[in-house]
Amino acid sequence: MSGQSAFVVLDTLAALIKRHFCAEVDGIGIGVPTLVDSRRGIVYNATNIPSWREVHLKDFLTDRFGVKVEVNNDANCFALGEARYGLGRGCGCASLVGVTLGTGVGGGVVIDGKLYSGRNTGAGEIGELPYRDHNFEYYCSSVYFVREHGLSGKEAAEAAARGDARAAAIWNDFGRHVGALLKAVMWAYDPEVIAIGGGLSSAFRLYADAMKAELSTFGYPESLRNISIAPSALPDVAILGA
């Protein structure tokens, strides 16, 4: 499907929505893993859908279904969902950063209870920040396992669960890289909560100790005492945010 024309993908998306659409639906929320003009609902250069160079998704779905449509970056949806329904719910936190670790590294920023996207929904794209000889995404996503060690994150997790020492060492290295990423988040945003999501969050216990050891070197110990960092407990929280 990723190699199909933009119109084929749009029609397929509409068909999937139609399965769940009924008279009670008064809006559609969409999260897309790329830059989005959230005001006009235009999706630009979706990496996994080559034909989506500039897609007016909001207009297309509004015309097709006749309801309000909102389009945003998927990591932004994750962050907003965590702030309202997940780790930020009930604690009255005003600032939360959602960090997604999976195929890539994504981020979303909530300030004073409201999503801050920037002009092109790129305000939280922390994975693109330079780090070592590449960027954070290279070392804090599944790319790290594939390119550096020749196995997937799932394979590394299964090996570690069997007691494989090499796999455990890989996860420790990964945790140190994630710790460095979260220190960058703390320097940039100083949030009350950092919520970790994405596919690699399910293996959090395998890299948590190494991550915390790296975080312990953060320059302001008081900031570490006042921040909550945890994996998401809601598998569909990004849908709630959307």
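What follows is a chat about reading a few features of this predicted model.

Colleague: Let's start inside. Which residues of the largest nonpolar core touch the most other members?

Modeller: The general idea is that in soluble globular proteins, nonpolar side chains tend to be buried together. Here the largest nonpolar core has 40 residues, and V99, L101, W171, F174 and Y207 touch the most other members. Helix α7 gives the largest share of this core, 10 residues. Other elements supply at least two residues each, including β6 and α8.

Colleague: What does L101 touch, leaving out residues up to four places away in sequence?

Modeller: Quite a list: among them are C140, F174, V178, L181, I196 and Y207. There's also a second, separate core of 20 residues, which includes A6, A14, I30 and V71.

Colleague: Now H177. Is H177 buried or exposed?

Modeller: The cut-off for buried is under 20% relative accessible area. H177 sits at 6%, so it counts as buried. You'll find H177 in helix α7, residues 165–189. Its side chain makes a polar contact of 3.0 Å with the side chain of Y131. Beyond its sequence neighbours up to four places away, H177 also touches R132, F136, Y139, C140 and Y144.

Colleague: And where is T100, and what does T100 touch?

Modeller: T100 is in strand β6, and at 17% relative accessible area T100 is buried too. Skipping residues up to four places away in sequence, its contacts include A75, F78, V105 and G197.

Colleague: How many salt bridges does the structure hold?

Modeller: There are 6. R64 and D11 pair up with their closest N and O atoms 3.2 Å apart. This pair links distant parts of the chain, R64 in helix α2 and D11 in helix α1, 53 residues apart. Both are partly exposed, R64 at 43% and D11 at 41%.

Colleague: Which residue forms a salt bridge with D37?

Modeller: That's R40, at 2.8 Å between the closest N and O atoms. D37 is buried at 3%, while R40 is partly exposed at 39%.

Colleague: Why are E222 and R225 separated by about one helical turn?

Modeller: Because they are 3 residues apart in helix α9. E222 is partly exposed at 43%, and R225 is exposed at 58%.

Colleague: Last one: which residues form a nonpolar patch on the surface?

Modeller: Y85, L234 and L240, with about 260 Å² of accessible area together. Y85 lies in helix α3 and is partly exposed at 39%.

Technical notes: Residues numbered from 1 in each chain as written. Predicted model: local features only at pLDDT ≥ 70, side-chain atom pairs only at ≥ 80, totals over all residues. Heavy atoms only, no water. Patch = residues over 30% accessible without salt bridge, like charges linked within 9 Å, V, L, I, M, F, W, Y side chains within 5 Å. Areas by Shrake-Rupley, 256 points an atom, 1.4 Å probe, with all protein chains shown as cover. Salt bridge = Lys/Arg side-chain N within 4 Å of Asp/Glu carboxyl O. Helix = DSSP H or I, 4+ residues; strand = E, 2+ residues; numbered from the N terminus. Buried < 20%, exposed > 50% of the residue type's maximum accessible area, 1.4 Å probe, protein only. Polar contact = N/O pair within 3.5 Å; in protein donor to acceptor, adjacent residues only side chain to side chain. Contact = heavy atoms within 4.5 Å. Core = buried A, V, L, I, M, F, W, Y, C linked by side-chain atoms within 4.5 Å.
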